[in-house]
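Subject: Structure handover

Hello,

Here is the structure for your files. My notes on what was found in it come after it.

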Amino acid sequence: MSPEQDRETIVAIATAPGAGAIGIVRLSGPEARRVLGRLFRPAAADFTDFRPWVLHRGRVLDACDQPLDDVLAVFMPGPRTFSGEDMAEIQCHGGPLMVQAVLESALQHGARPAARGEFSHRGFCNGRMDLSQAEAVAELIAAPSREALRYGLNRLDGLLGRRTAALRQALEALRARVCLAVDFPEDEVEDLPLADFAVAVDGVADAVRGLLAGQRRARLMQQGALVVLAGAVNAGKSSLLNALLGRNRALVTDLPGTTRDFLEEACDLDGLPVRLTDTAGLRHATGAVEALGVARSREKLAEADAVVLVLDGGSLGEAGAAAAVCPDAAAAEVLAAVGHTPLFAVWNKCDLCLPRVFPPRWLGPHPCCAVSALSGTHMEALAASLRELLLGAAAGDVGEGGLAPNRRQALALEHALAELELLRGDILEGRPYDCCAVRLDTAAAHLGEVTGLDTPAQVLNAIFDQFCIGK
């Protein structure tokens, strides 16, 4: 946004689209008080002017000074506001036509429509929040789970920004010592031994790793986990999907190959949003359509946050559980394909066969439980175990009562960490201190990206363009 645009007074509807009890129209900018005065006629006979931060009752007027609605209005002087500048709000009845009419009246009196995220952008530019806090505003609005709300609130409070700023200051202090060591190599007072240099860099690197530890867990809570149901044809994947959802969503028949394409449905595992994906059974396809479905199943396996390997307990039986080598070709393929992806095995149709040897020997360390998707036996235990697997696989728990960066912030931290690891190698190899100073500068710049200190304008605009218009 240009400086001229930043000086304009903006207006937007701050409440969600659709009908509601209350609708809010928000103004921000140097003319917010004047525009509010043109729109508002007080109900109190002794009204002389707006008292800051106090709700006043009156009528809101259209561009022809005709009453529109009985409203409450408030004026909030800057800089101690969300945007860091003068703001005003009108609370009217929440019908879409009414709220739109108040908005149009404000436009007629000199305000311009706010762009997406412009209120937050102004708050960032005016020093009311850093970039991590501004992003938390949008994340709180879109949070799909209670834990995601907790992560967003901690960032909104500035916890991540303060931690990152402290690490950046540590690097800048180290940079000053490096410069002194370069400029005054014979000065013993200002000497920076290589061992001390390496220890200081290690301390900052460990702190960055700590910030990154909870990123995967936070991503799962904010974006949801992709859980892929895989296995042989007729193992009961579609029945298991229906049982976890609590409704019949997937078509279930006794015919092999009924599922020809993947089917994805959302569910909630005690606060953890999950996308369950039913896939076509893995086997040598008998036709072109089934071949495409099997290929997509393999693609989904590569994308999964966790894989549920569905085993046909009715066909595997006692020998299948006791065998040292996996007797199910599809299961063997899944086990070979998952790599480091968490895998949970489900011995389905336990009502037909629950072997004495359990879990199957060939599963190795992978967790397993026995269920009957048809009767619902042990489905609650499966859901709880699956949630534990997903969250337990996230490296480390979030510290500081729920501190975890989002993906953009984590990428900046990863770049800073990579630079610090290279710097440590340079120190151990005895590289000149002036070369090491360049890596210190780069690492500090990456840390600054978290709070927006060194973030290019086009990146900032792309971030705020993802916000809703009223924020």
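Helix α13 spans residues 329-337, and its buried residues are Ala330, Ala331 and Val334. These three lie on the same side of α13, because they cover an arc of only 100 degrees around the axis. Buried means under 20% relative accessible area, exposed over 50%, and partly exposed in between, with a 1.4 Å probe and protein chains only. The arc is taken from the directions that run from the helix axis to the C-beta atoms. Helices (H or I, at least four residues) and strands (E, at least two) are DSSP runs, numbered from the N terminus. On the face of α13 turned away from the buried side are the exposed residues Ala329 and Ala336. After α13 comes Gly339, with a positive phi near 60 degrees.

Before the rest, the basis of these notes. This is a predicted model, in which local features need pLDDT of at least 70 and side-chain atom pairs count only at pLDDT 80 or more, while totals for chains, interfaces and linings use all residues. Residues are numbered from 1 along each chain as its sequence is written, and side-chain values use heavy atoms, with hydrogens and water left out.

The loop between α13 and β12 (343-348) holds Thr341. Thr341 counts as buried because its relative accessible area is 17%. Apart from neighbours within four places in sequence, Thr341 is in contact (heavy atoms within 4.5 Å) with Ala304, Asp305, Ala306 and Val307.

Next, a helix pair. Helix α8 (residues 194-212) packs with helix α16 (residues 433-451) at an angle of about 15 degrees, and their axes are 13 Å apart. Axes are lines fitted to C-alpha atoms, for helices over the stretch in contact, and angles run from 0 to 180 degrees between N-to-C directions. α8 and α16 are therefore roughly parallel to each other; the cut-offs are under 35 degrees for roughly parallel, over 145 for roughly antiparallel, 65 to 115 for roughly perpendicular, and oblique for the rest. The crossing of α8 and α16 is left-handed, meaning that the near helix is turned anticlockwise from the far one by less than a right angle (clockwise would be right-handed). On the α8 side the contact is made by Leu194, Phe197 and Val208, and on the α16 side by Tyr433, Cys436, Leu440 and Leu447. By class, this contact of α8 with α16 has 7 nonpolar, no polar and no charged residues. Ala, Val, Leu, Ile, Met, Phe, Trp, Tyr, Cys and Pro count as nonpolar, Asp, Glu, Lys and Arg as charged, and the others, Gly among them, as polar.

Some backbone points follow. Most residues other than glycine have a negative phi, and most peptide bonds are trans. The peptide bond from Gly78 to Pro79 is cis, with omega near 5 degrees, and Pro79 is in the loop between β5 (67-76) and β6 (87-94). Asp65, not a glycine, has a positive phi of about 60 degrees. Asp65 sits in the loop between β4 (56-61) and β5 and counts as partly exposed, at 42% relative accessibility. Lys349 also has a positive phi, near 65 degrees. Lys349 is in the loop between β12 and β13 (368-370) and is partly exposed, with a relative accessible area of 22%.

For the whole protein, there are 17 helices and 13 strands. Of its 471 residues, 48% count as buried.

Regards
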